[in-house]
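Hello,

Here is the structure I promised to pass on to you. Please have a look at it first, and then read on for what I found in it.

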Amino acid sequence: MLHVELVLQGLINGSMYAVIAVGLTLVYGLLRILHVAHAGLFTLGAYITVLITNATGSLPLAVLAATLVVGVAGMLVYRLLYEPLLDRPPYVALIASIGLFICMEESYRIVFGPYGNSFDTMQLTQRITIGPIGMAAADAAMLVGAVVLLTGLGLLMKRTRFGIAWRATVTDPAMARSFGIDTIKVRYVNFFIASALAAAAGALVAVLNNLVEPTMGSVPSYKSLAIIVLGGLGNVGGTLAAALLLGVIEAYGTIYAGAFLDRDAIAFVFLIAVLMVRPQGLFAAR
Amino acid sequence: MRRILPLLALAVLWLMPGTAPAQDVVKIGFHAPLTGFAAADGKSARQGAELAVAQANAAGGIAGKKIELVVYDDEGKPENTIPLANKLIGQDKVAVVVSGGYSGPTRAAAPVLQRAGIPYLSAYAIHPDITRAGDFIFRTGMMGEVQGRAGAKLVADLLKKKKVVIVAVNNDFGQALTAGFKEVAPKFGIEILKEHTFAMPDRQFGPLVAQVKASDPEVIYAPGYFFNAGPLVAQLRAAGVEATIIGQEGYDSQRFIEIAGKASEGVIVTTSLDRDSTSPATRAFIDEYEKAFKDRVDMVAASGNAAATVAIAALKKAGTDPKAIRDAIRAGSFDTAIGTLSFNNLGEVKKAVQVQVVKDANFHRFAIIDDLQFLAPPEK
Amino acid sequence: MIGAYEITLVAVVSINLMLALGLNLITGFCGQVSLGHAAFFGTGAYAAALVAGGLPLPAVLLVAGLFACALGLLVGVASLRVREDFLAITTMGVGFVFVGVVRKQGFLGAEMGLTDIPDHGLGDLGFVGLCLALVALMALLTWHIKRSWMGFGFAAVADDERTARTLGINAAAYKLAAFVIGTFLAGVAGAVYAYFTRFIIPGAFGFTVSISILTMVIVGGVGSIWGVVVAAVLLTLLPEFSRVINDYKLLLYGALIVLTMRFAPGGLAGVVAAVKARVRPGGGP
């Protein structure tokens, strides 16, 4: 029974990691940027969700607004910060991204205050039981939300013109251009989708914790980097698998290894161990 | 003319300190984490201290001089706090310093202030080494160990329960409280079933909750901060865990109740602020704080206020001579928002522990543990 | 006027300088991006705290450096296996594992940290003298390395590892050398930190410290010694000067990093090079 719950809780955490990290891997796959500020967009999504829900009373409306606004914000980050740095060494964009992330966290603190915000009325507090297994509705929302979002992303990548254009651009930008693919547009759409996913993850976490704080992005900022590396940098499927696996490993680690390692250390011991055996990550890129 | 100029210069030099604006005010130094992960506590502590200064100034200041609070951000970093403490001493020439910071920065500043002979009051940092820096260093907040002991007494004597699971935040605060709790647990016949830790940034406790549920304790002793405790308590209750949850001063913020919602009902905390107190000092603090900052009081604000209040009272009694201030603090008894405080030989506070329970979305008095013998902090 | 404030500020700046100079060797000269420099800093600090009671100061500095570079050698070996972004994330992982392990070890004081680190016995001015001397020594050392054959090897590896190999340059040896020397310097910085604060806690060696050191190196201009020195001093003192605007100083810090990277991606050294090129159009005489 305990093990069923541990695995389940691991998967819930893992799906949260997955929704955040998959956007990061989209960006990395296309542009080779370690986009730390992604976690800042995640936080922004969470703030917009809470503030609009409290103002209008409608959670769905708030989530919609959050994904749209943050999607556009992501495109702006690309246009204003990353685009001019594309032909620079990769660490330039990395440090710029870290700087932007610091700015974002500090702006949230100054504008919204350091105490964090909560929903005026707690969302999804019911308890769902399926046979012997029970979970909070917010947990279920996290799982279902992740499945819906990631299936949607999968379909988009496999079945649509954008998906084809994206994959072509990732594989060989010059070739893609010669086939008439607008690679610039692909980049913008890519940032929109990645950032909208971050916002959705932020909304889900806001509901789950009933707490949105300026620093809520700091753990995702580095842990999602670990996940996309585990998943084989730029490999969307690999990222999903790595996120879920890490969620479960952390769940077990917190209970059985907590006496000598903390949670973050567990994740990174796993990461380092994997990279020493498979330097290209669990799943090689593409 | 040639003779007069140097004389004039000399005269100006002599007169300078007398005419400098620094002499028109009495300065109290203050540091707290205003940015970074602990910014919420930094803001509360600062507001608490500012309120104490504003009230004292409204009441005429110190011998007609206004009090000025010199505020710096310690960012929660020990190494940054050392120059900062030196700046308060050398540049700002403060008479006394109040720490609204965590243990790291406070431990770093204490020896600096001790060496300079400037009295230093730590509002809520818990590390035992702070006051060991010397006789100029005081703590108005409870030591972690003391509060941990109070927690064990609460479980065994007041609640009459035995089976406990400890779930503690993974830092000096959690470690000190756990140590205090475990130190006296055998004496009370408390059985500790399991012990877990979580990290300060953790908000999702699914695996821990599953394990706690499997351990099936009567009481969950869970040292942490409101931003951990809110989600933790909500998740425990959502998973159907009905054991009594014992928190401590880290929970003591209205934000905890807002985050955890209905799940917070019945949670009991050991803290220093009694919401139902009839003491004028406490009532005045609660009312004026909520009026001034349009926000509810919390333990950190009350602690910041209490430390500043002690500093101001000592200044009033002793003037600005640091040694006299130190002696005034050591010998005195101070009426503050967190009760009547006096200090032992080490500079540790002697005071009762407030036990509060969440009822109808507010903290209310549950009990007061005032066995000062049992709560006595170390003398060295 | 030099007071205790200025003296302690110089100590803080010196510690950051030592860290930045060491990382500049690894990341700047040899091109291996490390997001875990604080782990070596911390190793040095803990080693120093453990032995400072029984050894004289120079021996403590040496021991701290050696412990750090032992860990550095391990990570260097890992760097032979993983490259570029994978290496960056691996070093980040080393940082987290270091803090995560230390904070659970009783003999290292766990969360409460190690305390009662003995006085260095040099007095305030003596200590600052030591700090400045160490910084000067490290700057000279890295300057010498940059100009030597080893510096050439580093540059070749940083530029294009595969080409370097075909030229017969032993890339593995150079990478290991960079990690060993760079982390030794971090270890010495750790010992100085331990003497400075006289207690250490795991939180002082976290990810944000690694990030701020890397930021100094990159804002200074990767590989440029004077650029890194200037950036380390500026970025350390910036919050100090902006204390009046407590609330906005970290925002300002972030904005400065973003703007530097956006408009001067080569860092300070890049800006100066560009200005020089403009003053002498066409390459000059």
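Predicted model: local features only at pLDDT ≥ 70, side-chain atom pairs only at ≥ 80, totals over all residues.

Residues are numbered from 1 along each chain as its sequence is written, chains are lettered from A and ligands numbered from 1 in the order in which they are written, and side-chain values use heavy atoms, with hydrogens and water left out.

**Interfaces**

The size of an interface is often given as the accessible area lost when the parts come together. Buried area here is the accessible area (1.4 Å probe) that two parts lose on being put together, summed over both. Between chain B and chain C it is about 2500 Å², and carbon and sulfur atoms give 55% of that. On the chain B side, E79(B), R107(B) and N170(B) supply 21% of the area buried against chain C, more than any other three residues.

Chain A also meets chain C, with 43 residues of chain A in contact with 37 residues of chain C. These two chains bury about 3500 Å² between them, 78% of it on carbon and sulfur atoms. Of the area that chain A buries against chain C, Y91(A), I95(A) and M276(A) supply 16%, more than any other three residues.

**Pockets and a cavity**

Grid points are joined across faces, edges and corners, and a volume is the space filled by probe spheres set on the points.

The largest pocket holds about 830 Å³ of space. It is lined by 37 residues, of which P111(B), V112(B), R115(B), F196(C) and R198(C) are the closest to its centre. Helix α4(B) gives the largest share of this lining, seven residues. (Helices, H or I of at least four residues, and strands, E of at least two, are DSSP runs numbered from the N terminus.) By class, the lining has 19 nonpolar, nine polar and nine charged residues; Ala, Val, Leu, Ile, Met, Phe, Trp, Tyr, Cys and Pro count as nonpolar, Asp, Glu, Lys and Arg as charged, and the others, Gly among them, as polar.

In the second largest pocket there is about 710 Å³ of space. Its lining has 28 residues, with G31(C), E84(C), V157(C), A158(C) and D159(C) the closest to the centre. Two or more lining residues each come from α4 (90-112) of chain A and from α1, α4 (84-102), α6 (149-159) and α7 (161-166) of chain C. The classes here are 14 nonpolar, four polar and 10 charged.

The structure holds four cavities of 30 Å³ or more.

**Sheets of chain B**

Five strands of chain B form an open, parallel sheet in the order β2-β1-β3-β4-β5; two strands pair if DSSP finds at least two bridges between them. Its edge strands, each pairing on one side only, are β2 (66-73) and β5 (137-139). The twist averages 20 degrees from one strand to the next, with axes fitted to C-alpha atoms (for helices over the stretch in contact) and angles from 0 to 180 degrees between N-to-C directions. Strand β1 (residues 25-32) pairs with β2(B) over eight bridges, and G29(B) has V70(B) as its bridge partner there. Helix α2 (residues 39-58) of chain B lies across β1 and β2, running at about 170 degrees to β2(B).

Further along, β14(B) and β15(B) form a hairpin with two residues between them, and D360(B) in the turn has a positive phi of about 50 degrees. Seven bridges join these antiparallel strands, and V353(B) stands opposite I369(B).

Key
1 Å grid on protein atoms, 1.4 Å probe; cavity = no way out; pocket = protein on both sides within 12 Å on 5 of 7 lines; lining within 4 Å. Contact = heavy atoms within 4.5 Å.
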